[in-house]
Amino acid sequence: MASSFSRILSSKRTIGVLTFVGSSVTAGLLLHREHVSAGNPVRRSYPASAEYPDLRQHNNCMATHLTPAIYAKLCDKATPNGYTLDLAIQTGVDNPGHPFIKTVGMVAGDEESYEVFADLLDPVIKERHNGYNPSTMKHPTDLDASKIHSGNFDSRYVLSSRVRTGRSIRGLSLPPACTRAERREVERVVVDALAGLKDDLDGKYYSLTQMTDKEQQQLIDDHFLFDKPVSPLLTCAGMARDWPDARGIWHNNEKTFLVWVNEEDHTRVISMEKGGNMKRVFERFCKGLKEVERLIQERGWEFMWNEKLGYILTCPSNLGTGLRAGVHVKLPLLSKDPRLVKILENLRLQKRGTGGVDTAAVGGVFDISNLDRLGLSEVQLVQTVVDGVNYLIECEKRLEKGQDIKVPPPPLKQFK
Amino acid sequence: MSDNIENIELLGTIGIFVSTPDSNSPQIRQQGSAMPFGNTHNKAKMNYDSDQEYPDLSKHNNHMAKILTPAMYERLRSKETPSGFTLDDIIQTGIDNPGHPFIMTVGCVAGDEETYEVFKELLDPVIEDRHGGYKPSDKHKTDIDPANLKGGDDLDPDYVLSSRVRTGRSVRGFCLPPHCSRGERRAVEKLSIEALASLTGDLNGKYYALKNMTDAEQQQLIDDHFLFDKPVSPLLLASGMGRDWPDARGIWHNDNKTFLVWVNEEDHLRVISMQKGGNMKEVFNRFCTGLTKIETLFKERNHAFMWNEHLGYVLTCPSNLGTGLRAGVHVKLPNMSKNAKFEDVLKKLRLQKRGTGGVDTAAVGGVFDISNADRLGFSEVELVQMVVDGVKLLVDMEKKLEKGQSIDDIMPAQK
C-alpha cells in the first residue's frame, strides 16, 4: 500500500495531492471496498425518470437488472475519475441484443466502477457468472500449470491450442474511459516490462502507429494483428477512440506468446501453438504472466485484482480469471449431431467459429473453449477444457466407428 | 501510512488540486458539471501535461487537424462550456477520422450553442478555412423570402429528376446531438411534435417516432425515401450522435409528402422540402413558408432557434453554419460527368457533387446529386439562386455533349 502511494507522488504527473470534494483519497490506491469513494455527485438538469433509457426492446444483462429505482439511485454518482452510470451502460442501451448470446450490456471505466455501481454490477455479475455473488464470495486464483493432467490432445483432431486472458494496470482508467495520456502510459508501462522478458519469452513490440508495411503483413500472416474494433458492442463503449494511438502488439521470437496492448483491455495475454499440447501452452501462459507481473512490480505498478472479483477487466464477463482456454478442433460428425449443444452445455464449454466471437464455424472446425470465467481458478478452467475436449474427441471417434455417444451428466450447480 | 490516508476526511473543503504548467497557485474546481452526459469524465486528463494528452495528428487531413496546435490545445483544454462540453469532446471525431477520400472534412463538432464562443480560438479559424475566408468579424445575411428567387421553375424534368432544399435548426437552450442527454433529446422531440402538430393546410401532417412505427408505416417511409436510419458514417458516430438510437428520433411529414422534418438525427431538426421534377421555385416557396411557420410555432412556446448575426443559424457541424442550407437536384449528367472539365465547372459554379445516397455515397448510372457548396456568408436566396442557375447551365452542357458539341464557349466564370 505504501509503495503505491509513493509511486503516485513520484510519478510524472503534475498534480499535487489528488483529492475530491467530500471524499477520501482514492485514484486507485487502496481498494478495500469499504473505503472506495464515489466522488462528488454529478448535478442533473432532468429527473432520473426523464433520463431512464427505454429498454423495452432490449435483451442484455444490464437491461434485465437496471430498474428505474436503481437508475435513480446511481445516475448522479461518479467514480473519482468522473466515470458515470450513463457511460457504463451506453453500450447496452445502443445494442439491444445479440442473436446468439445474451450480452452483458455494460462496461467498467475504471477499477472503482465495480464498487460505485455495485448495485447494478453485482446482479449483472451474478447472472452472467452462474450465481456468483461478489458481496459474499471469494474468487480463487491459481496459475500452477503443473496441476494439469491429460493436457496433450490427439493432433488428428486438435489443430491448435490457445489460452488468453487480460490484465489491467492499477491506477489507470480502462479503455472505455482512459484519456490519451493514460493510454500512452499503459503502453509505456507494459512495453517497458515486456522488454525484460528473456529466453523463450524474448520478443519485440510493434506499435500500431509505427509498424512498417512489411511488419504489418507478417503480423497478418501470423494471425497476430488486431484491427480497430468494428463490433458496435465495443465501439459504443468508446474503446476505439484515438485509434491507433498507443495500441500495439508484442510477441516472442518463437511466436508462441503474444500481448495485445490497449485493444479491449489494457493488455490481452495469449499463449498459443499449433497442435494439441494444451498443457505446454498453459505452462508458458503462467510463466509469462508471472514474469510480466514481477517486472511491472519492480517498477512500482501492479495489476488490478481483488479477492472478490479476481482480475479486473473492462467487461464484467471477463472478471475473475479473464481466461478463455480453447482449441480449434475438427468435429465434422459431431457438428451435425443434434445433441452437440447439450453436450457442450454439460461440459461447461462454448463453441464459436474459427474467426472468434461473432463468427461461424467453417468445415466442421470449431473453436471450443470454457464458458466460465469467475469463481473457478485458472487451473480448474483449463482442466475443464482438457477434460471436455477429450470427451468430444472420444465422441467423434465413436461416431466414426458408427457407435453411439452419450450426453454427459450436467455438472453440479456451482454457486448457490 | 495507509491508515493516515484512509482517515483523511475532506468534507466539502478541498476540490481537485491541480497545478497546471502556466499557473502558480492551485485551482479549485468542482468535479461534475451541469450535464449528466459524461463524455466530460475526461477531466481526468488534467492530471497529465498537455504534451502527454495532445493527439497524434500526423496522418490527418481535416480542418481541425490543420488548425490545432500543441500551444492552442494547452490553452483550451481546461475550458468547458456551461453544460460541460470540452475541447476533447469537440475534436474526438476529427481524431478518429483522419481524412476522407473525397472531401476535406471539418473534424470537429459543437455540443451546444456556447461551444462556438468558448472555443472560438479553434473554431473561428476552422470556420474561416471551411467557409471561404469568412472572418470572425463578418456578419451573415439571412433571407428566406422566396419572392427574391429569380426563375427556378423551369429546370428540364428530362434531366432533373428531383429537387430538394434542406436546412437544420437547433432549439436554443438544449445541448446538441453529440452531447445531449436522453432527457434533453426527448424534450426536444416533445416540443417539436407539439409545434408540428399545429401546422395546417398544405402543411398538415403526422409524426412517426422511429421506435413506435408499425412495419407498414416503416415500409411506406422507406418507399417514399423519407426514412432515415441510424448513422453509419464514422464521421457522425465518433462524435456521439448515434447514442441511444432510436430513442426520441422521428420523422414528421405533411400529407402531400412534400415537406419533411427529421427530429434528432444529426441536428435537432432537419427541415426538407422536396418534390419530383425540376420546379425548384415551388420547392423553395414551400421551404420558406414552412420554416417561417415552424419558427413562429416554437416562439409561441417560448423557444427560439439558435441564431446570431455572425454565425447565422447554429448547428452541430461547423460546416452547416449560416444558412445550414443545401439546395440540390438529382440530375442525369452521364456525358458531363465523364468530361475532363466537370470538376472545374462545379468549382466555378460553387456547386458540389454527391452520389444519390447522400454524403459518403457514389453516383449511380450517371445520376448525381448536385448542390451548393457554400453555407455561410451567402443568404438562402443567394444559394438557391446559384443552384438554379448552375444546374440550368450543367443541363445545357449535357445537351451539347450529347450532340457532340463543345462546351468551351459556355464555360462559366468563377462565382
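Which residue is the bridge partner of A:Arg352 in S10(A)? That partner is A:Asp367, and the pair makes a handy way into the structure. Before going further, a word on ground rules. This is a predicted model, where local features need pLDDT of at least 70, side-chain atom pairs count only at pLDDT 80 or more, and totals for chains, interfaces and linings use all residues. Residues are numbered from 1 along each chain as its sequence is written, chains are lettered from A and ligands numbered from 1 in the order in which they are written, and side-chain values use heavy atoms, with hydrogens and water left out.

Let's start with chain A as a whole. Chain A has 14 helices and ten strands; these are DSSP runs numbered from the N terminus, helices being H or I of at least four residues and strands E of at least two. Of its 416 residues, 62% count as buried, where buried means under 20% relative accessible area, exposed over 50% and partly exposed in between, using a 1.4 Å probe and protein chains only. Take the contacts in chain A between residues at least 6 apart in sequence: 75% of them join residues at least 24 apart. Contact here means heavy atoms within 4.5 Å.

Now for the sheet that holds our opening pair. Eight strands of chain A form an open sheet in the order S2-S3-S4-S5-S1-S8-S10-S9, with antiparallel pairing. Strand S2 (203-207) and S9 of chain A stand at the edges with a single partner strand each, so one side of each has no neighbour in the sheet. From one strand to the next, the twist averages 20°. Angles run from 0 to 180 degrees between N-to-C directions, and axes are lines fitted to C-alpha atoms, for helices over the stretch in contact. As for what links such strands, strands of a sheet pair through backbone hydrogen bonds, either parallel or antiparallel.

Zoom in on S10(A). Strand S8 (residues 324-330) of chain A pairs with S10(A) in the antiparallel sense over five bridges, and A:Val329 has A:Phe366 as its bridge partner in S10(A). Strand S9 (residues 349-352) of chain A also pairs antiparallel with S10(A), over four bridges; two strands pair if DSSP finds at least two bridges between them. In S10(A), A:Asn370 is the bridge partner of A:Leu349. Six of the six residues of strand S10 (residues 365-370) of chain A are buried, so S10(A) is largely enclosed by the rest of the structure. Helix H13 (residues 340-347) of chain A lies across S9 and S10 of chain A, running at about 135° to S9(A).

What does A:Val389 contact, leaving aside its neighbours within four places in sequence? The list is A:Phe153, A:Val158, A:Val327, A:Leu349 and A:Ile368. A:Val389 itself is found in helix H14 (residues 378-400) of chain A and counts as buried, at 1% relative accessibility. For a sense of distance, A:Val389 and A:Ala69 are 320 residues apart in sequence and 44 Å apart in space, C-alpha to C-alpha.

Over to chain B. Chain B has 14 helices and ten strands, and buried residues make up 58% of its 415 residues. B:Arg166 stands opposite B:Ile272 in S5(B).

Finally, a look at helix H14 of chain B. B:Gln385 sits in helix H14 (residues 380-402) of chain B and is buried, with a relative accessible area of 14%. Not counting residues up to four places away in sequence, B:Gln385 touches B:Asn148, B:Leu149 and B:Lys150.
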